[in-house]
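I begin with the terms on which the entries rest.

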Amino acid sequence: MTNEIERVLLTQDDIRRAMTRISHEILEQNRASSDLVLVGLQTRGVHIAKRLADSIERIEGFRPVVGTLDPRLWRDDPEVASGQPLLPSDIPEGVDGKPVVIVDDVLYTGRTIRAAMEALLDFGRASRIQLAVLVDRGHRELPIRPDFIGKNIPTARGERVQVRITEIDGDDAVVLGRED
Amino acid sequence: MTNPTTAVGNNPAIETANGISDEGLVAPRQHLLDLDDLSAGEINDLLDSAEGMLEIAGRDNRKTPALRGKTIITMFFENSTRTRVSFEQAGKILGADVINVTASASSVSKGESLLNTVKTLQAMQIDALVVRHPHSGASYFISNHTDASVVNAGDGTHAHPTQSLLDLFTVRNHIGDMTGKKIAIVGDVLYSRVARSNILAFQKMGAEVTVSCPNTLIPDEWNLGSTLGDETGFGGLKLARNVDEAVDSADVVMALRIQQERQDAGHLPSLREYSDRWGINAQRMALANDGALLMHPGPMNEGVEISSEVAHGAQSVVEEQVRNGVAVRMAVLYTLCAPGKSTRIGNSESTSGDEA
Amino acid sequence: MHLAARKLAITGGRVIDPAQGIDRVADVLISNGKIDEVTASSEWTMLDDYEVIDASGKIVSPGFVDLHTHLRDPGQEWKETIITGTRAAACGGFTTISAMPNTDPVQDSAAVVDDVVRRSAADGLVRVLPIGAISIGQKGKQLAPMGELADSGVIGFSDDGNPVADANLMRQALSYSVELGLPIINHAEDKKIGAGGVMSAGTVATRLGLAGVPAEAETAMVARDLHLADLTKARLHIPHISTVGSLVALRTAKDSGVDVTAEVTPHHLTLSDEWVYGLKGEVPAAVGSEAYDTNTKVNPPLRSRADVEAVIDALSEGLIDIIATDHAPHAATDKVCTYNEAAHGINVLETAFSSVFQLVDTGKISVVRLIESLTAGPAAILRKDLGSLKKGFSADVAIIDPGSKWIVNPEQLESKSVNSPLAGVELTGRVVTTIYQGETVFDLNASGVFSEAKQ
């Protein structure tokens, strides 16, 4: 990894603007439904979901419920799944009959999202499930399509897309790296 | 027990976010035989996972597909309903098929038969063997004769690593960082696999462990009133002169089951005298720190090593220990048996992955 | 060709014969199965008549004498037989071994002993001397017919494997043996103190969670036996002595004139209880799956490093008289199991010399004393014309290459069993040729054992 060359794709301002736009889109499509639930996928998706909730609260005056989900046990590619500790999932009051937006940082193969949708079933029958991601880098392996996208970033498979979040990484940025 | 370095190939920052240190490539662990070969980091990873597992185990619908298609066999050569059921439940919540084999050590009296039993099971393509056996080292022996992951559910008087993990988990949930905390273990140290594993485990987490028991129930080479040196393998362990000294200012008091056999073998004059001199009761708990936890690995002899009053009192976390047992064993089974773990090394580009 | 008439000259080797005080480069001349003489090469010219074995660079020793061998025959022939056991002996340089009586049936009657003697003479590659039981069935209740056994040629009495727990029976056995002039060889172990232990008590046992036998379980009974030997004025031979405490008691007894001798095994001289970790003596930070090495399970158990150092010193100074193998073959299934279930015993004959020769290489014992403890020492306890290259003695010779390195592979041993903790260990110094009654019974370079006479 020492030879890695990094290129910044989204700056802190880019990310802020994208989040604001996504917030508006979510509100439009859900008609400002007050029982909206944002479910962030561990770990960065959780923080992105919280920021979207903040943003929605600023825009619309109500704060959607934010839940957390670690769908690792539902994955079909467990070599990724078993690599690190499982994190708790928590969706206050469940999702029965409510519109849910799954929130994650990067959409790639789609396998995480498939797992997340299955894991979500344990929390009730959502009235609809949508997907919001900060970055869509392509290379889908399943028929999954995001409803809200911060930025489409076509990539090669050998490239690495890294989303940095202040809450975890100390700053906000989306960076493209390549190992050579 | 995890291999964090390549787990999420495109997103190394996650590792630090979760407090996982990057120590280079480590081969995935196949067995859990004791905690002595786990680093504090690995133990913390397991406990972190148990946190997530505890949430799942507490759901109304607690079935996950994580180990779907995996076969786990619990092989108990000693009776232990609570440990066996705990493993069984853990395996089932994770979606594995769990088969219970109970065999008395007498019907499998010779190692040849134990070997044959293991080889027979091995031929049925099992993924994990959870073994309880009255002989120390039995799970180590079995691990040399099977491709399955072996989990030591108690071997003789040697080790009981999942009990220690659940004890650590319980304590961590209450007092967080264990550095410098005082853990008092009172009971049969000589014959107790729980004592042995827990001494190593709590020391590994930075706690200061003191034991107290009759001089007949510690190894001959140990001396009451001393602190063990590193050459003993239990360096830093304090051997209290009496129970009050052990319990004094303790943050955790753990009473161990005392067996009737110890009296019969002459280790004790009587259980009554044991209760009088080493039993944990309200008076003795009062010597511990305010809010100290009272633990017992179960099953309890109430009135002998622990009084009913404190066993069911406010400081007792005995039931919590049992509840945590399932979550901890889920974390262990998942970490050892998750499909594909053997391909984890070097997978960074061949598999999908910047989705956390 | 009648081999007994063979004339053999072993030339140019360093001849070490402690019984005669010989340690010099010389030739050993053999004819008619007997030693003719040990002589300087310039002093004989009968070269044409002799078959010559060039032993230059090698050590030429009397054939080794073992006072403690378990041949398992009759009764457990799947572990070892007289045939395979004596082949193993020949490979190890032993030309005399002593068959312990814990067979099935036990060697507690003339009938059983006579059978062992007869079959050994017929099938054995080397000399087998029988040992009789102390008690009927080795049960420690009633004395075996010791007089009858003596008449059948036993060289001592032992219930080895079991101690004589009853102090009075031990007293009577010692007393009764006085008239016979034969030693009582009591496996010294107080089983009550041992309390079901499976290895030596101490740090290793504690870490492994294995029940430990304190050294005092041996020491206490050694002390008892020494007092009883003093009381009865009988001959006591202490087998496989292994503790510092036993040595203290032994020294006191010897100083006060008790008629006692003692043996130590190659494994108690070279392996400590740390070998139970399964890392060939290394101490691991964490117990690994190689631990609980059942091939280290033996009785008496492998002791602490302090005990090992003490028995080395005691052997070196002569407090311990001899080395005896306690060769105890066991079937694979007796060892492929948990440590508790594993049988006691180590397969020793073929590794014995090489393993103790390490002590010479590290300067802990002289090569002369080492060879004395394998030859003249045990022969003196037997009171037989063995263990020396004196004129007229049986031509029993072991030729040793002190620089030969080999890695122990139990599968390649002549013994029927493979229970050696030394598997994979490299040893230096090896018996390369063994001659018994003037016949070559083992020649490493001719790839193994042969005996034309027996075929």
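I count two residues as in contact if their C-beta atoms, placed from the backbone, lie within 7 Å. The model is predicted, and local features need pLDDT of at least 70, side-chain atom pairs pLDDT 80 or more, while totals for chains, interfaces and linings use all residues. Residues are numbered from 1 along each chain as its sequence is written, with chains lettered from A in the order in which they are written.

Entry 1, helix pair. I take helices (H or I, at least four residues) and strands (E, at least two) as DSSP runs, numbered from the N terminus. I looked up α7 (residues 216–232) and α8 (residues 244–255) of chain C, whose axes come within 8 Å and cross at roughly 15°. Axes are lines fitted to C-alpha atoms, for helices over the stretch in contact, and angles run from 0 to 180 degrees between N-to-C directions. Angles under 35 degrees count as roughly parallel, and α7(C) and α8(C) are therefore roughly parallel to each other. From α7(C), residues including C:Val222, C:Ala223 and C:Leu226 meet residues of α8(C), among them C:Ala249, C:Leu250 and C:Ala253.

By an automatic or database domain assignment, I find chain C divided into domain 1 (3–60 + 394–403 + 425–454) and domain 2 (63–382). The centres of these two domains of chain C, taken over C-alpha atoms, are 29 Å apart. To their contact, domain 1 of chain C brings 21 residues and domain 2 of chain C brings 23 residues. On the side of domain 1 of chain C that touches domain 2 of chain C, β16(C) gives the most, with 7 residues.

Technical notes
Parallel < 35°, antiparallel > 145°, perpendicular 65-115°, else oblique.
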